[in-house]
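Reader: I've got a model open on my screen. Can you walk me through it?
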Amino acid sequence: MNDIARQQLSIQIESMDLLNGQIKMEAHASAAYLAMASWCEQNGFFTSAKFFFKQTEEEREHMMKIFNFLIDTGGSPISPEVSGINHEFSSIKDVFESALQHEVKVSESIKNIVKKARASMDITTERFLDWFVLEQVEEENTIRDILDMIELTGMEGVGKQMIDNSIEKWIEE
Amino acid sequence: MLVANTKYCSLRQDASNRFFYLHLGHKSIPLRFCELLAVREKILSLEMASLFYEESCPHDFKILTLCNQQHLVLLTIEEILDLRELLLQAFVRMGLSCARESVYI
């Protein structure tokens, strides 16, 4: 069969579907971090809010990276619908624990796409995702370090204020 | 050249003008590749279970617009399932899918 379709699309169609799912996930993460920034602002954690505003931008950049990859490979990127964003947290620790849960979910989803791309010999997609795999190691590590710092500092007395001040370190990194 | 066919529909490609032709029995729709991707997205993203609820599909058929609203098609649930099968088959035949089942999210 003449390869008109293959000439138009450089990746496997299942990879395109999974990457569209990932676009949605990154958009959801971006919106979730915006909700966390909002909570931090309202509860006096202004440095943490700054941290989450930066995370929001990063997640959107990830989303756009995938979006543009699909355009470059001849695919059909779908602008995602985002709903079900949680705005309620019991403490600053709860906020960062939720953030870690998000990052773990994103990491697992990326690994799943890598596995599927590998199984279908879609080397283009597999290689494209190399950057994301390493980026997720960094993202998870950042949040884990913050949670360790929260644990060490404690939430009593001036602990909360100290926690918020310490977040600055991870914004500059 | 025939790419794939099922009970109610078929997909052909014409290498001379690089168009695909989706035949839906009563209607033939010329498609560029990007439009074929859009049709695939529209059909596979239909929530199958909801087709069986009256609010979503009250008369056992669904009206869909295709190709930037250039085409209006009326399909029964059976025809939608058949078209879904055709699209899955077609991408396997074109070498762009090795999965029998869609991983569509």
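Reader: Start with α3 of chain B. Which strands does it lie across?
Author: This is a predicted model. In it, helix α3 of chain B, residues 77–93, lies across β1 and β2 of chain B.

Reader: And at what angle to β1(B) does it run?
Author: α3(B) runs at about 145 degrees to β1(B).

Reader: OK, those two strands. How do β1(B) and β2(B) pair, and over how many bridges?
Author: They pair in the antiparallel sense, over 3 bridges. Strand β2(B) covers residues 10–14.

Reader: Give me one I can click on. Which residue is the bridge partner of Asn5(B)?
Author: Ser10(B), in β2(B).

Reader: What sheet do they belong to, and what's the strand order?
Author: An open sheet of 4 strands in chain B. The order is β1-β2-β3-β4, with antiparallel pairing.

Reader: Which strands stand at the edges?
Author: β1(B), residues 2–5, and β4(B), residues 28–31. Each has a single partner strand, so one side of each is left without a neighbour in the sheet.

Reader: How many degrees does the twist average?
Author: The average is 15 degrees from one strand to the next.

Reader: Zoom out. How many helices and strands does chain B have?
Author: Chain B has 3 helices and 6 strands. Along the sequence the pattern reads β-β-β-β-α-α-β-β-α.

Reader: What percentage of chain B is buried?
Author: Buried residues make up 20% of its 105 residues.

Reader: And contacts along the chain: what share join residues at least 24 apart?
Author: That share is 42%, taken among contacts in chain B between residues at least 6 apart in sequence.

Reader: Last thing, confidence. What ipTM and pTM does the predictor give the complex?
Author: An ipTM of 0.82 and a pTM of 0.89.

Reader: And what's the mean pLDDT of chain B?
Author: The mean is 86, and 89% of the residues of chain B reach 70 or more. Where pLDDT is low, the predicted coordinates should not be read in detail.

Terms used
Residues numbered from 1 in each chain as written. Chains lettered and ligands numbered in written order. Predicted model: local features only at pLDDT ≥ 70, side-chain atom pairs only at ≥ 80, totals over all residues. pLDDT = per-residue confidence, 0-100. Pairing = 2+ DSSP bridges. Axes fitted to C-alpha atoms, helices over the stretch in contact; angles between N-to-C directions. Contact = placed C-beta atoms within 7 Å. Buried ≥ 20, exposed ≤ 12 C-beta atoms within 10 Å, placed from the backbone.
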